[in-house]
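Here's a quick tour of the helix packing and the aromatic pairs in this one. Have the structure open while you read.

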Amino acid sequence: MAVYTPGQVVEETGFSLDTLRYYERIGLLEPIGRNASGQRRFTEEDVSWLGMVRCLRDTGMPIAEMLRFAALVRQGEHTIADRIALLEEHDRKVEAQIADLRQKQGGVQRKMQYYKDVLTMRAMLPDCEQAS
């Protein structure tokens, strides 16, 4: 079984050491095993779980919901329906965020086009009209 140092996990997941310690402290991450010297050693399962946490965090899931999801996972397979419900609700929120961003992006694109049109119109004016 492969084990990873905290530095390797930081590199793999993009989480800082402080974030990893925080996630372990609040219970989002299971207690991390240690070697004979007392240094943390992460398993492949830990790194995989952190990948899921990264996905949830990057899509805006609040820590409280991530903790709820983690608790459901730890409770076993009988919670799969609850996990699905939690993820479906989160997915709806992500879809709403995407729709909102697309709408705002449209506004940005319209403003860019406006400025491009202004430049095009200026380029079409004779030199004497541009000076005034």
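Helix α1 (residues 6-13) packs on α3 at an angle of about 35 degrees, and the two axes are 10 Å apart. The crossing of α1 over α3 is right-handed. On the α1 side the contact uses Val9, Glu12 and Thr13, and these meet Val47, Leu50 and Arg54 of α3. Sorted by class, the contact of α1 with α3 has three nonpolar residues, one polar and two charged. Keep in mind that this is a predicted model.

Now for the other helix pair. Helix α4 (residues 63-75) and helix α5 (residues 80-124) pack at about 155 degrees, with axes 9 Å apart. Since anything over 145 degrees counts as roughly antiparallel, α4 is roughly antiparallel to α5. This time the crossing is left-handed, with α4 passing α5. Which residues in α4 and α5 meet? From α4 come Glu65, Arg68, Phe69, Leu72 and Val73, while α5 brings Asp82, Arg83, Leu86, Leu87 and Lys93. By class, the contact of α4 with α5 splits into five nonpolar and five charged residues, with no polar ones.

| Helix pair | Angle | Axis separation |
|---|---|---|
| α1 and α3 | about 35 degrees | 10 Å |
| α4 and α5 | about 155 degrees | 9 Å |

On to the rings. A pair of aromatic rings is described by how far apart the centres are and by the angle of the planes. How many aromatic pairs does the count come to? It comes to four aromatic pairs. In one of them, the rings of Phe15 and Tyr23 have centres 5.3 Å apart and planes at 80 degrees, so this pair is edge-to-face. Both residues are tucked away by the numbers: Phe15 is buried, and Tyr23 is buried too. Another pair, Trp49 with Phe69, is stacked, at 5.9 Å centre to centre with 5 degrees between the planes. Trp49 sits in helix α3 and Phe69 in helix α4, so this pair ties together parts that are 20 residues apart in sequence. Are Trp49 and Phe69 buried or exposed? Both Trp49 and Phe69 are buried. There's also a cluster, in which ring pairs link Phe15, Tyr22 and Tyr23.

Phe69 turns up again if you look at Met52. Met52 is in helix α3 (residues 44-58), and Met52 touches Phe69 and Leu87, leaving out residues up to four places away in sequence. Is Met52 buried or partly exposed? With a relative accessible area of 28%, Met52 is partly exposed, because buried would need a value under 20%. As for reach, the C-alpha atoms of Met52 and Val118 are 47 Å apart, and 66 residues separate the two along the chain.

Gln97 belongs to helix α5 and is partly exposed, with a relative accessible area of 41%. Arg25, in helix α2 (residues 17-26), has 64% relative accessibility and so counts as exposed, the cut-off being over 50%. How far apart in space are Arg25 and Lys116, C-alpha to C-alpha? The two are 52 Å apart, and 91 residues apart in sequence.

Definitions and conventions. Residues numbered from 1 in each chain as written. Predicted model: local features only at pLDDT ≥ 70, side-chain atom pairs only at ≥ 80, totals over all residues. Heavy atoms only, no water. Axes fitted to C-alpha atoms, helices over the stretch in contact; angles between N-to-C directions. Helix = DSSP H or I, 4+ residues; strand = E, 2+ residues; numbered from the N terminus. Parallel < 35°, antiparallel > 145°, perpendicular 65-115°, else oblique. Left-handed = near helix turned anticlockwise from the far one by under 90°. Contact = heavy atoms within 4.5 Å. Nonpolar A, V, L, I, M, F, W, Y, C, P; charged D, E, K, R; others polar. Buried < 20%, exposed > 50% of the residue type's maximum accessible area, 1.4 Å probe, protein only. Phe/Tyr/Trp six-rings, centres within 6.5 Å; stacked < 30°, edge-to-face > 60°.
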